[in-house]
Amino acid sequence: MRSSLSHRLIAVALFSGFLGVLTGAVWWWGYGAALDQLARRGRSDLALAADRLTSELQSFRELAALVSDHPVVGVALAGWDAKSTLAQIADKTGALDVTVSNTEGDVLASARGIAAPQVDRYGFKRAMSGALGVDHYFSEPFGRRVFTFTSPVFSTEGPVVGAVTVTVDVEAIEASWRGDRPAVLFTDELDVVFVSNRSELVFRSRSNDISAAADSDDYRADDIAPFFDYDSRMRGPHDIWAIDGGRYLPNEALHLTLSMPTVGLMGEALLDVAPARQIAGLQAAVAAALSLAFGALLFLATERRRTLARANQLLEARVKRRTSELEAVAVNLRREVAERTAAEARLKKAQDDLVQAGKLSALGQMSAGISHELNQPLMAIRSFAENAEAFLERGNPERAAENLNRISELVRRMGRIIRNLRAFSRQESEPLTNVEVGAAIEAAMEMAATKARQEGAVLHWKKTDAPIWVRAGEVRLQQVVLNLISNAIDAMEGQDDKAVHIDVMVGDRVTVSVRDAGPGIAEPEKIFDPFYSTKQVGAAEGMGLGLSISYGLVQSFGGAIRGRNHPEGGAIFTVELDATKGRDAA
């Protein structure tokens, strides 16, 4: 007895250790995969933010070059008043100021009447050498952060005789995207945050010695502050910051950088890694739950064998009590039969619910496209109705009748879409009937049409002249065909030419084939296994149950479904069904 108990304790200890290692490994792997996906999305967001900043500054850069050729610049260099013209240019373009300076850096004309010499600025020095200069700093006269673009003014003989400076208000640029996610900041060569969609980050320096920035001509000493406390650690290729930056910055963030040499800044982004941790936690929890379930089943099976062995020993030792013990076993067996019957009924209901969930999941993925398909006719109906009313008021009933006919056609179109969706989403519990294959394919293609247009895929199918009838469930067959078409479109993601070919062949049985032009199937023997998927972890396309559900549905029809790689490339799935001779009698 003690030996058996010690064996059990050892087994439990070993299983607990294995479970801990497995859960930790799944979490570690899931967290890394989630960080990879977060980094890809974050780099895209940072690139968009950088492009947004540079594109807005580019217009002012071009403005400086254009104004340098304007006649008003010659007027200003000649000593005449050009303020009104420069003010009009500034007002129309949104510039903070437009100034004209001589080669000594003295401001000869200003749109705002503010004379801020540029002689010590890098941008002005560049302009004096004949190039377009750019600067960023805190402007004392305007009391705000500015970008300046300085363009040289050439004389007719060739030498530089002056410069045009366009001053841009940084806060005006920030106003349209302040508070957006993720947190984005742009730092200069002094490691000072000059532009950001988080105002609390502006003028903060990550440099160990902030005195260099405070002593520079670009900033006021009182404005420069040290950066928030943060700890940086590497998680594979990813830089993770633990930062104490207040409520508007994530406590733990993925740090990304992007060089922006055209404006002399470095773009940075801080992305909250909490969602990645949640995804990894959910994956680890699922792995732990499955392992616990398997361990519990294995333990129960072992205990059952041990119990049966002891029962056999007791039966052999107690012959006189055989009858009563057999009766007790019979009672237990009847109870187990009843439990198994109930379990089978629950399993059948769960399978039906899974099929329905698959249909609703497909409808959910198509919801945006369906809304678009319904919204277009509704907007057209409104337009035609208003036009018809106008024609009637003008005494033109013929044109009004044409608009009403168009409204009728649009209503029929919407009715057909809604009828297909209602039929597809209902819980089909009727027995197998005779189903026309062409009608089922057309309904599935109509529901997949929006997704095909969004992905740039073309659906090829030629309906046969004579109807072809098979033994199946109408809605369930539509679900199988829709799932195969949707998977075919997903398989061609990232390709230029996307084509799905649907064919129906009649022989001993009716064969429906769906072929794509994608990369093919890596593991054909696993495609119908539950939870098997070729899509990336964390993608929103599903959990790998679509083909498993389709396999069960086709089996319930008495048919067969197969998937393989086509010799000419891509994958082809075939569904074989029993042929019938027409619609069931009413």
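Visitor: What makes the nonpolar surface patch of about 330 Å²?

Guide: Leu297, Phe299 and Leu300 make the patch. Areas come from the Shrake-Rupley method with a 1.4 Å probe, and for residues only the protein chains shown count as cover. The model is predicted: local features need pLDDT of at least 70, side-chain atom pairs count only at pLDDT 80 or more, and totals for chains, interfaces and linings use all residues. Residues are numbered from 1 along each chain as its sequence is written, and side-chain values use heavy atoms, without hydrogens or water.

Visitor: Why does leucine 297 count as exposed?

Guide: Exposed means over 50% relative accessible area, buried under 20%, and partly exposed in between (1.4 Å probe, protein chains only). Leucine 297 has 59% relative accessibility and therefore counts as exposed.

Visitor: Why is strand β1 (residues 97–102) described as largely enclosed by the rest of the structure?

Guide: Six of its six residues are buried, so the description applies. Strands are DSSP runs (E, at least two residues), numbered from the N terminus.

Visitor: How do you know that β1 and strand β5 (residues 160–169) pair?

Guide: Pairing requires that DSSP find at least two bridges between two strands. β1 and β5 have six, in the antiparallel sense, and valine 98 stands opposite valine 166 in β5.

Note on methods. Patch = residues over 30% accessible without salt bridge, like charges linked within 9 Å, V, L, I, M, F, W, Y side chains within 5 Å. Salt bridge = Lys/Arg side-chain N within 4 Å of Asp/Glu carboxyl O. Helix = DSSP H or I, 4+ residues; strand = E, 2+ residues; numbered from the N terminus.
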